[in-house]
Amino acid sequence: QVQLVESGGGLVQAGGSLRLSCLVSGPTFRPYITPYTMAWFRQAPGKDRDFVALISWSGGTTYYADSVKGRFTISREYAKSTMHLQMNSLHSEDTAVYYCAARERGSSVLPGQYNYWGQGTQVTVSS
């Protein structure tokens, strides 16, 4: 099993910044054996869960949704088993519950392709 725990959500004014973190743990999380892709998704009320950004755990390759490119930065601290999402220049449209997710092997932007999910953290951007 792989456990994911998000933190860092909150309320921020438009134009502000937040940093989300996702701690990865579990007896089957062995990135030195199995390549993992880690990702952030978000879900606003009444909407589908949308892809935000992903990173390959071993190599650090990143990919972003067009809506956040240039504003958000995904990163990971390999030794601390922690992934981050630095969010700058936040818009009211960024308001959502943000989820971290993990899948073994190849990358994907589809939430159904991810096996492991955190509980989510609320991000609210006031205009």
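Visitor: What is the accessible surface of the chain, and how much of it belongs to carbon and sulfur atoms?
Guide: Accessible areas come from the Shrake-Rupley method with a 1.4 Å probe, and for residues only the protein chains shown count as cover. Here the accessible surface is about 6400 Å², with 48% belonging to carbon and sulfur atoms. The model is predicted: local features need pLDDT of at least 70, side-chain atom pairs count only at pLDDT 80 or more, and totals for chains, interfaces and linings use all residues. Residues are numbered from 1 along each chain as its sequence is written, and side-chain values use heavy atoms, with hydrogens and water left out.

Visitor: How many helices and strands does the chain have?
Guide: Helices (H or I, at least four residues) and strands (E, at least two) are DSSP runs, numbered from the N terminus. This chain has eleven strands and zero helices.

Visitor: What does the radius of gyration say about the chain?
Guide: The radius is taken over C-alpha atoms, and the globule rule is 2.2 Å times the number of residues to the power 0.38. For 127 residues a compact globule would have a radius near 14 Å, and the chain agrees because its own value is 14 Å. Along the principal axes, the C-alpha atoms fill a box of roughly 45 × 30 × 25 Å.

Visitor: What share of the residues is buried?
Guide: Buried means under 20% relative accessible area, exposed over 50%, and partly exposed in between (1.4 Å probe, protein chains only). Buried residues make up 43% of the 127 in the chain.

Visitor: Which residues have the most contacts inside the largest nonpolar core?
Guide: A nonpolar core is a set of buried Ala, Val, Leu, Ile, Met, Phe, Trp, Tyr and Cys residues joined through side-chain atoms within 4.5 Å. The largest one has 37 residues, and those with the most contacts inside it are Leu4, Trp40, Met83, Leu85, Met87 and Tyr98. Strands that each supply at least two residues of this core include S5 (49-56) and S9 (96-104).

Visitor: What is Leu85 in contact with?
Guide: Contact means heavy atoms within 4.5 Å. Leaving aside neighbours within four places in sequence, the contacts of Leu85 include Trp40, Val52, Phe72 and Tyr98.

Visitor: Is Thr34 buried or exposed?
Guide: Thr34 counts as buried because its relative accessible area is 16%. Its place is the loop between strand S3 (18-25) and strand S4 (36-43). Beyond neighbours within four places in sequence, Thr34 is in contact with Glu104 and Arg105.

Visitor: Where does Gly26 lie?
Guide: Gly26 is in the loop between S3 and S4. Gly26 is partly exposed, at 25% relative accessible area.
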